[in-house]
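Me: I'm new to this structure and would like to learn how to read it. Can you take me through it one feature at a time?

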Amino acid sequence: MSPVLVSLENVDAAFGTRALLDQVSLGIGTGERIGVVGHNGAGKSTLLRIIAGEAEPDAGRVVHAGSTRVGSLAQADVLPADRTVREVVVGTGAEHEWAADPRRRGVLAGLGLLDRLDDLLGPMSGGERRRVALARLLVQDLDLLILDEPTNHLDVEGVAWLAGHLAGWRGGLLVATHDRWFLDEVCGRVWEVVDGRVDAYEGGYSAYVLARAERTRRADATEARRQNLLRKELAWLRRGPPARTSKPRFRIDAANDLIADEPPPRDTMALRSFAASRLGKDVYDAENLTIRVGDRTLFDGITWLLGPGDRIGLVGVNGAGKTTLLRALLGDVVPDGGRVKVGASVRPALLSQEVAELPASLRALEAVEQVGRVLEVERGRERSAGQLLEQFGLPSSRQWTRVGDLSGGERRRLQLLRLLMARPNVLLLDEPTNDLDTDTLTALEDLLDSWPGTLVVVSHDRYFLERTCDVTMALLGDGHLRMLPGGIEEYLARRAAAGSEAAASAAPARGAAAGGTSGAGVAAAARTGATAPGVPAAAATAAATATGTATGPSRSGSELRAARKELTRLERALDRLTRREQELHHALAEAATDHERLLALDAELRAVVADKDHTEEAWLTLAAELEG
């Protein structure tokens with residue numbers, strides 16, 4: 001058994017008149033990786049602060065092993081605005097004193113700070129400051145890391161790097177996060193803070209869902225609603241999302257009885273048909289769209305056709321223009337070239353990253369009913385405002401609380417419900433998972449499963465994107481929009497390959513002198529056949545391909561160029577066939593009463609689908625050959 005670093009004995013903690021922790025006893029040892037989940041306001045941050053020694057319990061005691069070194073990351077970063085990255089992360093000593101330390105250099109490079117050491121913290125964005133706070137913590141010699149929402153403000157690449165880095169961490173780890181992919185990648189146990197207790201589950205998030213579903217099955221009938229949600233999520237986990245290259249780590253054969261009769265999360269064809277009846281043929285057609293900000297071109301003649309029932313996940317590097325693209329669709333941003341054609345029946349709604357102004361004097365239920373009293377969640381099935389509030393984690397006891405007295409997470413849920421109550425047929429969600437706990441995210445996903453409209457989601461939350469969207473699109477910072485058949489893994493591989501190419505072109509002489517190596521961890525891992533810390537194996541392999549140094553038989557430069565050119569051609573063909581498939585689905589919905597036209601459209605659709613499958617197979621085969 002590993003040595004215990006910190007233990008809690010009969011700890012009590014309260015906030016006002018509400019008990020957050022009630023007679024809690026637990027411990028965390030060396031090498032343990034524990035994820036902490038629970039409703040917003042359940043006491044997760046309080047538990048972490050007590051374990052870190054930053055807060056005193058109201059009763060009980062906390063025991064730290066004598067030499068235990070503890071480092072913690074709070075949700076809010078308090079960094080001096082007049083200091084530089086160098087001063088905060090590595091101190092004011094000479095560069096040679098820390099530059100030879102591979103851990104420090106690796107952390108700075110992985111978080112994108114190696115070239116920004118002399119930048120002041122004051123002008124930095126929230127995401128950049130978050131990276132600095134993480135770097136300051138990760139370069140220290142610690143026995144226990146305590147992280148409170150470490151993925152906040154990080155993009156997909158940042159989250160992937162952090163997960164990979166923590167995979168090599170040998171000390172104790174305690175992390176509170178709503179990022180379920182991160183929990184599965186990093187943690188071996190889960191603590192759920194609920195009703196003053198801390199319930200322990202073995203395994204990551206996927207195993208936690210299984211164990212919790214089994215517990216719920218044995219509970220009384222009043223828990224039937226929660227059980228149904230867990231069953232649906234468990235069934236989805238068992239199938240495995242199509243965008244992932246591997247199944248979740250855990251095995252849930254014991255849960256087959258639970259999910260044997262569980263249908264897929266959503267009937268895509270039925271939803272498309274219903275959406276077409278509400279939206280018509282056209283939704284948004286962005287044609288040759290060009291948008292510039294200052295002397296920088298965000299979009300360079302992109303064309304994007306959004307149809308009824310499309311469910312698109314949009315990812316990209318920070319500053320690539322994801323939010324700008326959403327606002328261009330709404331008409332809030334005027335393009336420098338091209339146009340956005342909007343369907344006649346489109347009723348859009350945008351969930352922005354900022355919590356919109358809410359009526360602070362109204363009660364929570366009144367604020368929702370101000371927009372609408374009932375919402376149709378499926379054909380013929382409606383839910384009242386009170387039912388939806390309860391589903392989103394605001395029980396009847398909280399529904400009469402004034403909006404001004406709600407927490408940030410509760411106001412975020414209220415904002416989302418008011419948006420849905422307006423009955424839009426196009427939803428544009430910009431980082432919708434911010435401030436939402438895992439149960440609320442599950443409820444939101446369940447609601448979106450049956451939502452019959454067009455959905456575009458901008459998010460760094462891989463789990464949410466894969467769970468709610470059918471297609472992943474990417475802005476890679478080059479002014480173009482690309483479809484990613486391989487989902488987030490393909491995005492990370494492309495980004496890693498682009499980084500390796502940039503590093504190789506920036507220092508060709510140094511690379512040749514060192515036998516073709518570069519300073520980038522991804523490229524080095526690709527050449528050795530290993531995976532750099534925080535870089536997925538697929539990304540490392542793609543990086544090797546990009547630099548012409550794959551671990552299999554080497555190709556000549558001309559062969560590589562020809563293969564990449566063919567890969568690009570196949571990708572464009574896939575885009576074209578996908579658009580045609582969508583158009584045919586829309587045409588089928590419109591020709592429901594024309595038998596002859598239906599037959600002709602159906603025949604063409606079958607041919608397009610067959611051609612698409614053949615093209616996708618060729619793309620996958622060629623990509624695999626390049627990787628291998």
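Reply: Helices (H or I, at least four residues) and strands (E, at least two) are DSSP runs, numbered from the N terminus. As for where this comes from, it's a predicted model, in which local features need pLDDT of at least 70, side-chain atom pairs count only at pLDDT 80 or more, and totals for chains, interfaces and linings use all residues. Residues are numbered from 1 along each chain as its sequence is written, and side-chain values use heavy atoms, with hydrogens and water left out.

Me: In E20, which residue is the bridge partner of methionine 473?

Reply: That's methionine 483. The strands involved, E19 and E20, pair in the antiparallel sense over three bridges.

Me: What is the strand order of the open sheet of six strands?

Reply: The order reads E14-E17-E18-E12-E19-E20, and the pairing is mixed. At the edges you find strand E14 (348-351) and strand E20 (481-483); each has a single partner strand, so one side of each has no neighbour in the sheet. From one strand to the next, the twist averages 20 degrees (axes are lines fitted to C-alpha atoms, for helices over the stretch in contact, and angles run from 0 to 180 degrees between N-to-C directions).

Me: Let's look at E12. With which strands does E12 pair in the parallel sense?

Reply: One is strand E18 (residues 454-458), over four bridges, with leucine 314 standing opposite valine 458. The other is strand E19 (residues 471-475), over five bridges, where isoleucine 312 has valine 471 as its bridge partner.

Me: And how many residues of strand E12 are buried?

Reply: First the idea: buried means under 20% relative accessible area, exposed over 50%, and partly exposed in between (1.4 Å probe, protein chains only). In a regular strand the side chains alternate between the two faces of the sheet. Here, six of the six residues in E12 (residues 311-316) are buried. Arg311, Gly313 and Val315 point one way, while Ile312, Leu314 and Gly316 point the other way.

Me: Now a helix. Which residues of helix H12 are buried?

Reply: An α-helix has 3.6 residues a turn, so residues three or four places apart point the same way. In H12 (residues 322-330), the buried ones are Lys322, Leu325, Leu326, Ala328 and Leu329. Seen down the helix axis, they fall within an arc of 160 degrees, so they line one face of H12; the arc is that of the directions from the helix axis to the C-beta atoms. After H12 comes glycine 331, with a positive phi near 90 degrees.

Me: How many aromatic pairs does the structure hold?

Reply: A pair of aromatic rings is described by the distance of the centres and the angle of the planes. Rings of Phe, Tyr and Trp (its six-membered ring) pair if their centres lie within 6.5 Å; planes under 30 degrees apart count as stacked, over 60 as edge-to-face and the rest as tilted. There are three such pairs here. Tyrosine 201 and tyrosine 208 make an edge-to-face one, 5.0 Å centre to centre with 80 degrees between the planes. Tyrosine 205 and tyrosine 208 have ring centres 5.7 Å apart and planes at 50 degrees, so that pair is tilted. Both of these lie in helix H8 (residues 205-217), three residues apart, about one turn of the helix. Ring pairs link Tyr201, Tyr205, Tyr208 and Tyr463 into a cluster.

Me: Is tyrosine 208 buried or exposed?

Reply: Tyrosine 208 is buried, because its relative accessible area is 1%. Tyrosine 205 is buried as well.

Me: Finally, how many helices and strands does the protein chain have?

Reply: The protein chain has 23 helices and 20 strands, and buried residues make up 51% of its 628 residues.

Methods: Two strands pair if DSSP finds at least two bridges between them.
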